[in-house]
Amino acid sequence: MTKLQAKNIVKHFDHNGNSVVALDGVNLNVEEGDFVCIVGPSGCGKSTFLNIVAGLEKPDSGEILLNGKPISDPGPDRTMVFQEGALFPWLKVIDNVEFGLKMAGIPTDERREISQRYLDMMQLTKFADSYTYQLSTGMKQRVAIARALAMDPEILLMDEPFAALDSQTRDLLLVELQLIWERTKKTIIFVTHNISESVILGNKVEVFKNRPSKIKKEIIIDYRRPRLAEDENLQQYYHQILDELKSEVIARTKDEIQ
Amino acid sequence: MNDTIKKHKRNFDDAANAALFIAAFIGVWQLVFTLGIFPKISLPSPTMVTETFVKIIFNGTLFWGVGVTLGRLLAAFAVSITLGTLVGFTMIKFKSFGKTLNSFSAGLLAFPSIAWVPFSILLIGFNEFGIMFVVVMSSVFSIMISTYSSIRNIPPIYLDAAKNMGAKGFSLFRHVTIPAATPSLIIGLRQAWSFAWHAVIGAEILMSIVGLGHILSVGREFLDMSQVIASMITIFTIGLLVDRFLLHKLEDKIRAKWGLDNHR
């Protein structure tokens with residue numbers, strides 16, 4: 001069943017008085033339970049696309065359908081894990097996880113129970129009463145994932161959530177995220193500029209073209225899980241994506257120099 | 001355990017240094033007095049000022065004055081906070097209004113509180129409300145501008161994350177906008193408090209028949225420099241105590257809770 005559909009999404013930006021086309025007709029179908037990774041050169045508009053799906057930005061034209069219904073505003077059916085976590089420093093870890101549930105008007109006992117469950121899942125039980133500044137970057141991202149999952153969203157959006165992590169922590173979270181995906185059967189869209197991340201996580205990898213951006217190629221990765229970073233058999237997918245991406249990165253670099 | 005001992009020792013050292021500084025200050029004062037550079041009536045000795053202190057404490061003048069001054073100040077400051085935050089929120093809500101008012105902010109903030117006094121006397125008169133008007137006008141803009149800029153400087157990602165989790169309208173405001181702006185709001189509050197304190201003393205010197213500022217101005221009229229200095233010391237001490245033990249403490253507490261003081 002199609003969970004999310006992006007139809008011909010177009011988005012302009014004003015940059016120093018010039019109009020820059022960021023997205024030039026992005027079409028994407030995400031099936032229920034898909035783990036879709038979006039890779040592309042930096043600045044290609046992949047995060048913009050994710051923000052549009054989240055409802056945080058509006059497209060100039062085109063529409064996003066969730067379960068066949070068009071969406072326009074942000075909503076808890078599409079929760080986002082941001083690159084920098086975006087946890088609230090004035091709240092304890094558990095209150096951060098509960099935030100969305102509180103906004104939804106769920107009674108205290110119930111939301112305590114739900115958030116406790118996701119803290120347990122992310123192995124954060126001990127840190128429920130900590131403040132976020134007391135946590136490492138990796139732990140903050142765990143909290144952010146727990147917070148997003150606690151909303152039980154239709155679709156989980158992740159915007160380069162592991163970009164700021166050291167490689168050991170990232171490898172660990174890459175495995176954990178696959179296990180969570182298998183356990184919760186969530187539909188996930190994961191944006192990254194890191195090809196190996198996309199190969200490890202995605203069952204579909206969408207390669208974005210340089211600006212004006214659209215989807216250049218979809219690569220299906222049908223391979224057993226959990227996939228590990230050091231698995232040599234993943235190399236072929238890696239190279240397949242790299243081949244698609246190389247010319248885009250070169251084009252992007254040219255754009256930046258000029 | 002070790003940390004608490006260290007902290008106590010540091011506090012003790014700080015207090016010892018402050019005491020030493022005060023002793024040195026009094027020493028120099030006494031020296032200047034003994035050398036007779038100024039006539040006795042222009043510069044009394046520390047002992048003479050202490051005698052005046054004892055006198056105005058025991059005849060009730062000082063307590064009455066301090067009470068009246070703080071009463072005015074608190075009432076006017078409460079008005080300032082209420083008005084300032086409301087206008088600040090309005091500036092956020094109506095963008096071009098906010099932008100316009102904000103462009104006047106430098107003039108409003110730098111406007112000397114004493115310069116409100118003639119206006120207040122003619123508009124309201126030589127009364128409580130006249131003094132309070134000066135205090136309000138001197139501190140309200142600081143609250144207003146700090147409310148406006150604190151909210152505008154909230155990192156957009158907090159608001160995005162909150163909206164993403166379904167927060168909107170008043171609950172977004174209450175659960176995200178206000179707490180996210182709080183550390184910066186407190187700084188504005190401290191600044192406004194110091195403006196209000198300047199204003200209340202200034203207005204009392206010119207407009208009042210009771211209060212700390214009035215004790216000061218009576219001292220001048222009767223050529224009683226001891227009383228002038230005693231009031232000045234009182235004004236200094238109250239300003240210091242309120243900032244250090246109330247506002248600064250509050251700011252430290254909030255900064256620690258928000259994780260802003262964590263230089264690891």
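Where in chain A is A:E160 found? A:E160 sits in the loop between β7 (155-159) and α5 (167-184) of chain A. Welcome to this predicted model.

**Positive phi angles**

- A:E160 has a positive phi of about 45 degrees, although it is not a glycine.
- Is A:E160 buried or exposed? A:E160 counts as buried because it has 20 C-beta neighbours inside 10 Å, and the cut-off for a buried residue is 20 or more.
- Over in chain B, B:L223 is not a glycine either, yet it has a positive phi of about 55 degrees.
- You can find B:L223 in the loop between α10 (212-221) and α11 (225-257) of chain B.
- B:L223 has 10 other C-beta atoms within 10 Å, so it is exposed; the cut-off for that class is 12 or fewer.

**Cis peptide bonds in chain A**

- A:R211 and A:P212 are joined by a cis peptide bond, with omega at about -10 degrees.
- The loop between β9 (204-208) and β10 (215-220) of chain A holds A:P212.
- Another cis peptide bond links A:R225 to A:P226, and here omega is about 0 degrees.
- A:P226 belongs to the loop between β10 and α7 (235-257) of chain A.

**Two packed helices in chain B**

- Two packed helices are described by the angle between their axes and the distance between the axes.
- In chain B, helix α3 (residues 61-93) and helix α7 (residues 128-152) have axes that come within 6 Å and cross at roughly 35 degrees.
- The crossing of α3(B) past α7(B) is right-handed.
- Which classes of residue make up the contact of α3(B) with α7(B)? This contact has 20 nonpolar residues, along with six polar and two charged ones.

**Where chains A and B touch**

- How many residues does each chain bring to the contact? Chain A brings 21 residues and chain B brings 15 residues.
- On the side of chain B that touches chain A, α8 (156-164) and α9 (169-207) of chain B each supply at least two residues.
- With six residues, α8(B) gives the most to that side of chain B.
- Sorted by class, the side of chain B that touches chain A has seven nonpolar, five polar and three charged residues.

Technical notes
Residues are numbered from 1 along each chain as its sequence is written. Chains are lettered from A and ligands numbered from 1 in the order in which they are written. This is a predicted model: local features need pLDDT of at least 70, side-chain atom pairs count only at pLDDT 80 or more; totals for chains, interfaces and linings use all residues. Axes are lines fitted to C-alpha atoms, for helices over the stretch in contact, and angles run from 0 to 180 degrees between N-to-C directions. Helices (H or I, at least four residues) and strands (E, at least two) are DSSP runs, numbered from the N terminus. A crossing is left-handed if the near helix is turned anticlockwise from the far one by less than a right angle, and right-handed if clockwise. Ala, Val, Leu, Ile, Met, Phe, Trp, Tyr, Cys and Pro count as nonpolar, Asp, Glu, Lys and Arg as charged, and the others, Gly among them, as polar. Two residues are in contact if their C-beta atoms, placed from the backbone, lie within 7 Å.
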